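Open the model in your viewer and keep the selection tool at hand. The tour goes stop by stop.

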Amino acid sequence: MFTEYPSTHKGVKWQADNLVTKLLALAKATITATANAQNQIENVTEDFYKGGNK
């Protein structure tokens with residue numbers, strides 16, 4: 001998905017690499033948070049149908 005930035009200027013390449021690193025970290029955090037929320041929803045739903053309190 002990401003390729004090396006075509007600029008030969010080191011500062012510009014550093015900024016592009018830094019942005020990619022931050023975007024990948026954000027994407028991973030979003031995926032993790034979504035998975036955690038989904039698990040919580042599944043647990044509460046399962047507990048609800050079993051008649052328990054959570």
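Start with the aromatic rings: a search of the whole structure finds one aromatic pair. Select phenylalanine 48 and tyrosine 49, which form that pair, edge-to-face, at 5.4 Å centre to centre and 75° between the planes. Rings of Phe, Tyr and Trp (its six-membered ring) pair if their centres lie within 6.5 Å; planes under 30 degrees apart count as stacked, over 60 as edge-to-face and the rest as tilted. Now colour by accessibility: both phenylalanine 48 and tyrosine 49 are exposed. Here buried means under 20% relative accessible area, exposed over 50%, and partly exposed in between (1.4 Å probe, protein chains only).

A word on the source. This is a predicted model, where local features need pLDDT of at least 70 and side-chain atom pairs count only at pLDDT 80 or more, while totals for chains, interfaces and linings use all residues. Residues are numbered from 1 along each chain as its sequence is written, and side-chain values use heavy atoms, with hydrogens and water left out.

Next, select glutamate 46 and lysine 50. How far apart are the closest N and O atoms of this salt bridge? They are 3.0 Å apart. A salt bridge is a side-chain nitrogen of Lys or Arg within 4 Å of a carboxyl oxygen of Asp or Glu. A search of the whole structure finds one. Glutamate 46 and lysine 50 are separated by about one helical turn, because they are four residues apart in helix H1. Glutamate 46 is partly exposed, at 45% relative accessibility. Lysine 50 is exposed, at 64%.

Now show the whole helix, H1, residues 10-50. Helices (H or I, at least four residues) and strands (E, at least two) are DSSP runs, numbered from the N terminus. At 1.5 Å a residue, the 41 residues of H1 should span 60 Å, and the end C-alpha atoms are 60 Å apart, so the two agree. The expected span is 1.5 Å times one less than the number of residues. Step past the end of H1 to glycine 51, whose phi is positive, near 90°.

Go back along H1 to leucine 23. Leucine 23 is partly exposed, with a relative accessible area of 39%.

Finish with the whole chain. Of its 54 residues, 4% are buried. The chain exposes about 5,100 Å², and carbon and sulfur atoms supply 60% of that. Accessible areas come from the Shrake-Rupley method with a 1.4 Å probe; for residues, only the protein chains shown count as cover.
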